[in-house]
Amino acid sequence: ATVRLVATQPLPNGKQSLTVRHRKRELTTDLPFFHEKNGLNAAAAIAMAVAGEVTFEQAVAGCEQFIPAAGRFNIFPIRDKVLVDDSYNANPESMRAGLNSLVTAYPDQSKVVVVGDMLEIGPESHKAHRELGEFIANTVQPVLLACVGPQSVAIADGAKAVGCDNTKHFATADDFLTAYRDHRKLPGEVIFFKASNDIGLQRVVQTYRKSS
């Protein structure tokens, strides 16, 4: 490939170091937000820019101005905690990508995972939700797993089956907020949110941000 992603590394401030090669030349820059998919996305954007006769240097520098869409692994420091808002929609692949990014970006911090139903994924829905619960328990090992929505009962069941004892289920986002309207009552240092849009976790994030 004319443009290649050489290396990517999360930074402590929530940013992401990115090294890209164009032919035989390499440049390194920082993306303002981390996600395991952002490196390849940035390399693709740089390749498109270079093909459009933007210089390699300009294309790489442009990555520093990247602003993700709302709910796409946005990071918000709030008092003594960090909110990771990945709440814009969900399917099994994007759930795993977001959770892997969480573990990579915050390997040493205690984590609260708030996830909800993955809607419109067909007849394998129950199996996918249960496998997600197992994945969260084994990969993230959260200090609290909160599952929101009717289908997310299977997430909770999967997590509990492999030893994630501090797992709770809430029928709706409002029920979760009733229990944890004050985000300071949540035990972890980093709080991650992801679900299909109709579950309403965006409202939870907005509530927490307004109370900061």
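Helix axes here are lines fitted to C-alpha atoms over the stretch in contact, and angles run from 0 to 180 degrees between N-to-C directions. With that in hand, take α4 and helix α5 (residues 153–161): they pack at an angle of about 40 degrees, and their axes are 7 Å apart. This is a predicted model, where local features need pLDDT of at least 70, side-chain atom pairs count only at pLDDT 80 or more, and totals for chains, interfaces and linings use all residues. Residues are numbered from 1 along each chain as its sequence is written, and side-chain values use heavy atoms, with hydrogens and water left out.

**Helices α4 and α5**

- Helices are DSSP runs (H or I, at least four residues), numbered from the N terminus.
- The angle makes α4 oblique to α5; angles under 35 degrees count as roughly parallel, over 145 as roughly antiparallel, 65 to 115 as roughly perpendicular and the rest as oblique.
- The crossing of α4 and α5 is right-handed, a label used if the near helix is turned clockwise from the far one by less than a right angle.
- On the α4 side, the contact (heavy atoms within 4.5 Å) includes H126, H129 and R130, while α5 brings in A154, I155 and D157, among others.
- Sorted by class, this contact of α4 with α5 has seven nonpolar, four polar and three charged residues. Ala, Val, Leu, Ile, Met, Phe, Trp, Tyr, Cys and Pro count as nonpolar, Asp, Glu, Lys and Arg as charged, and the others, Gly among them, as polar.

**S125**

- You'll find S125 in helix α4 (residues 125–140).
- S125 is buried, at 12% relative accessible area; buried means under 20%, exposed over 50% and partly exposed in between, with a 1.4 Å probe and protein chains only.
- Neighbours within four places in sequence aside, S125 touches M118 and Q151 by the contact rule.

**Helices α6 and α7**

- Helix α6 (residues 173–180) and helix α7 (residues 201–210) have axes that come within 9 Å and cross at roughly 30 degrees.
- That makes α6 roughly parallel to α7, and their crossing is right-handed.
- Residues A173, D174, F176, L177 and Y180 of α6 meet R203, V204, T207 and Y208 of α7.
- By class, that contact has six nonpolar, one polar and two charged residues.

How values were computed:
Helices (H or I, at least four residues) and strands (E, at least two) are DSSP runs, numbered from the N terminus.
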